[in-house]
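Dear colleague,

Please look through it with the coordinates open beside you.

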Number of protein chains: 2
Amino acid sequence: MTPEPLPVPGPTNTLVDVAGLAVGHHQRVGDGWLTGSTVVLAPPEGAVAGGDVRGGGPGTRETDLLDPCNLVERVHAVSLSGGSAFGLAAADGVMRWLLGQGCGFAMGAPDRLVPIVPGAVIFDLGRGGRWDATPDAGFGAAACDDALRAREQGTDGRAGAPALGAVGAGTGGQVSGGLRGGTGSASQLLPDGSTVAALVVLNAVGSTVDPRTGELYGASRLLPGDLEGLPGAPSGARLHTPEAAEVDAARARAVELGSEALPRTLATTIGVVATDATLTEGQAQRLAMSGQDGLARAVLPAHSMFDGDTIFGLSTCGRAAPDALGFHRMLQGAADVVTRAIVRATLAAESVTTPEGTWRSYREAFPSALR
Amino acid sequence: MTPEPLPVPGPTNTLVDVAGLAVGHHQRVGDGWLTGSTVVLAPPEGAVAGGDVRGGGPGTRETDLLDPCNLVERVHAVSLSGGSAFGLAAADGVMRWLLGQGCGFAMGAPDRLVPIVPGAVIFDLGRGGRWDATPDAGFGAAACDDALRAREQGTDGRAGAPALGAVGAGTGGQVSGGLRGGTGSASQLLPDGSTVAALVVLNAVGSTVDPRTGELYGASRLLPGDLEGLPGAPSGARLHTPEAAEVDAARARAVELGSEALPRTLATTIGVVATDATLTEGQAQRLAMSGQDGLARAVLPAHSMFDGDTIFGLSTCGRAAPDALGFHRMLQGAADVVTRAIVRATLAAESVTTPEGTWRSYREAFPSALR
C-alpha cells in the first residue's frame, strides 16, 4: 500500500490562496507604538462564517451572530487587531470602509447596507512604551486600503500575498521566553481540488519553542516549501535542532523574564481559517474549531485563562460542497494550516526593542536552527 | 392562608434603585437623525456580569468574556445603542471615558487599565431619514457624562433616575403596527431587602399590544405606582381597555403598514437586569435569562429571526448573596421588571414624524386606555 503523498501548499502558501479573499495590514511602530491591525476582506457577497472562542480572556465583537441558528450567514470582513478591547474600534473603520464600497447586508434596498464585521483582538498594550497607543477606526480603514491594493495586484482571481512576520495585528505579538510573535499564514490544496488556508496572529502566554530542545512545537507539521520566501530564511533553508548552547541561553533568559511564573500579562492568539469549498454555517464553525487544534499543537500551553484565543472560519462558496470524506480531510487540513501559519509567523518575525523591552526573533535566539 | 402581598417598586422605580449603578442617555433627533445611546455605569470596581442572546439577529460586543468559565468577572459599563452594528462604536467612547476616570480591569499596575464594556445595539437605521446617521464614540462618551451628572445628583448612594420614553438608545425604537418604542425601566424590592431592576430598550418586530383588545400584553404584571410620574400619564392614572373604535383603527393601520407580512426591517430589544445582591457570574447569567421571559410576556412575537434580543445581567455585590429561595424569587422579579419596563417604555414614548414616516405613541393611538 502506497502511503498518501504529502499535501501541497497553494501557490502563495497564504490565506489568499482561497480565491476571493484579500488581506491587508496597517501598523505603527516607534514613538511609543508597537501595534497594528489586519483585515480579511471577503468577496463582495460575503463569506459564510463561523467562529470558536477557546481562550479564557477573549476580546470580541459580532460573534453572537455567527451562531448557525441566527439570521446572518455571511460576513463581509474579519477584523483582527492589537490594542486589547480598545482595538475593537478598528472594526468600526472596516465597517465604514465597506459601506463606502457598497458592501454589506442588504436591508431591503441596495443603498441600505450593514457590513457584517466580526472581530477579535490581541493583548499587546504598553509593549511599544505607551499604554494608550492602540489601533482605532483609522487602522481598520488603512488595512482595508492595503487589502484593496493586494486585490488589485493579484492574478488569476487571487489577491496578492500578505506580508508575514511582525506586521498588522501581529506587530506587538509575543510568546513566552521574550520571543516575538507575529502574523503567519499557510495554505494547503485538498485532494478534491479545494483549498484550506489560515492566517494567524500569534501572541501567547505559552511558548512555541520546546525548552528542552529549542525546536518549534509545530515544526513536524511543516510541508516542503514552507520556509521558501520567508523573510530572513535563506533559499533552500531547513529547520535543524538548535545547538545546546543556544537552548541553554534561551532557557536562562526565560527564567530571568519570569516566563515560568504566573503570567504578568494577557496575550491571545487569533486568526482565520478559510476554504473556497461551499460550507454551511455549522461547517464553517467546525473549520474554526479544528483550527484551534492546530493552535494547541503549536503553542504550549494554549487556550489559557490569560489568552482569548479565537478563530473564525470562512467559506467563500466558490466551489462545490465537500462530501463527508472531503470535509473530514478539510478539518485535518484546517488544523495543519493553523500550526504551519504559527511556525511561519515565528520564523518570519524580527527582533524589536522598545522602551518597554526587547523581544528576540526565533532566528536570532536560535541562529543554528535555520540554515 | 394570607396571600403574599404584592411586590413593591423601589424608590425611583428604575434601574438606579440598585445602588451604585448610574444611567445616562444621549440622542439626536431631526435633520435625518432619530437615534441615541444609553450607558449603564457600574460602580468603579465593576459589576459581576452575565448575558443572554436569544434573538436571531444580534449585534453585540464583548459578550464572549461573559461566559462564566472565562477570566473577566466584572464589567465597568454596558453600552446600549441605536445604529445597528455601526452603533457598536458608542462603546469605544464609553471605554475611553472610563479610562479617563481611572476605571478598568487592572493589568498589573494602577494606570494600566482596560475598561470592560459589553454592548448591544438595536436596528433603527434610516428611521430619521438618513441611513448613515448613527451613534459614534461621541454618543457613548456623552451618555457617560450624562450618567455622571445623574450620579452626582443622586441621594442615599443612588444615582438620579433616568428619563424614560423615546430617549437614549430607545430614541429610534418602534414596535409593530407603527407604534413607537423607547426606553423603559422598573424596579422591585425583594423580601430579603435586596432590589432587582431592569432597563429595557424596546424595539421589536413584534407588538406590545394585543390587536384584539388594544391592551398591552404586559399590563397584567404592572404594580401599583408603575404609572406615577410617567411622561403624559395623569396623576392617579390607570390602564383601561381601550374603546372598540380605537382598536379597529389601530388594526386597520397595522394592516396598511404591512405589519402582518414578513418584516421589512430588523428590530431588536436589548436591556440590563441588575441587583445589589451578590451573585456569581453564572447567577448573573440566569438573571439575564429570566429577563428574556419577561420580554416574551410583553412582546409577541419575541426573539424572532429579525430581532437580536439581548439582555445583560449585573450584580453590584453591595449586599449578601441570596439563599436558594431568595434567588428563586429574584429570578421571578427579573422577568417582571423587564415586562414592566417594557410597558413603561410604551406608555412614556411620544409620537414622532420624520421624513421616513410617523410612529404613534400608545397613548395617542389608544387615548381611552390611560386616564
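**Helix H1 of chain B**

In H1(B), the buried residues are Ala89(B), Ala90(B), Ala91(B), Asp92(B), Gly93(B), Val94(B), Met95(B), Trp97(B) and Leu98(B), where buried means under 20% relative accessible area, exposed over 50% and partly exposed in between, with a 1.4 Å probe and protein chains only. Please keep in mind throughout that this is a predicted model, in which local features need pLDDT of at least 70 and side-chain atom pairs count only at pLDDT 80 or more, whereas totals for chains, interfaces and linings use all residues. Residues are numbered from 1 along each chain as its sequence is written, chains are lettered from A and ligands numbered from 1 in the order in which they are written, and side-chain values use heavy atoms, with hydrogens and water left out.

With nine of its 12 residues buried, H1(B) is mostly covered; helices (H or I, at least four residues) and strands (E, at least two) are DSSP runs, numbered from the N terminus. This helix, residues 89-100 of chain B, reaches 17 Å from its first C-alpha to its last, close to the 16 Å expected at 1.5 Å a residue, the expected span being 1.5 Å times one less than the number of residues. Its buried residues pack against helix H1 (89-100) of chain A and, within chain B, against strand E2 (33-41), strand E4 (60-61), strand E6 (77-81), strand E8 (113-114) and helix H2 (137-152), contact being heavy atoms within 4.5 Å. After H1(B) comes Gly102(B), whose phi is positive, near 70°.

**How the two chains are related**

The same surface serves both copies, since 98% of the contact residues of chain B recur in chain A.

As to confidence, the model scores ipTM 0.82 and pTM 0.90. Chain A averages a pLDDT of 94, and 98% of the residues score at least 70, pLDDT being the predictor's confidence in each residue, from 0 to 100.

**The sheet in chain B**

Six strands of chain B form an open sheet in the order E5-E3-E15-E14-E13-E12, with mixed pairing; two strands pair if DSSP finds at least two bridges between them. Its edge strands are E5 (74-75) and E12 (182-189) of chain B, each of which pairs on one side only. E12(B) and E13(B) run antiparallel and are joined by eight bridges, and in E13(B) the bridge partner of Ser187(B) is Ala197(B).

E15(B) is mostly covered, as seven of its 10 residues are buried. On E3(B), it pairs in the antiparallel sense over six bridges, with Leu314(B) as the bridge partner of Ala49(B). With E14(B), the pairing of E15(B) is parallel and extends over seven bridges, Thr310(B) being the bridge partner of Ile270(B).

H4(B) touches E3, E13, E14 and E15 of chain B, and its direction makes about 45° with that of E3(B); axes are lines fitted to C-alpha atoms, for helices over the stretch in contact, and angles run from 0 to 180 degrees between N-to-C directions. The 18 residues of this helix (281-298) should span 26 Å at 1.5 Å a residue, which agrees with end C-alpha atoms 26 Å apart. Its buried residues include Glu281(B), Leu287(B), Gln292(B) and Leu295(B), and the buried residues of H4(B) pack against helix H5 (324-348) of chain B as well as against strands E3, E13, E14 and E15. H5(B) lies across E12, E13 and E14 of chain B, running at about 145° to E12(B).

**The sheet in chain A**

Chain A also has an open sheet of six strands, in the order E5-E3-E15-E14-E13-E12 and with mixed pairing. Within E15(A), Ile311(A) is the bridge partner of Asp52(A), and Leu314(A) stands opposite Ala274(A).

With best regards
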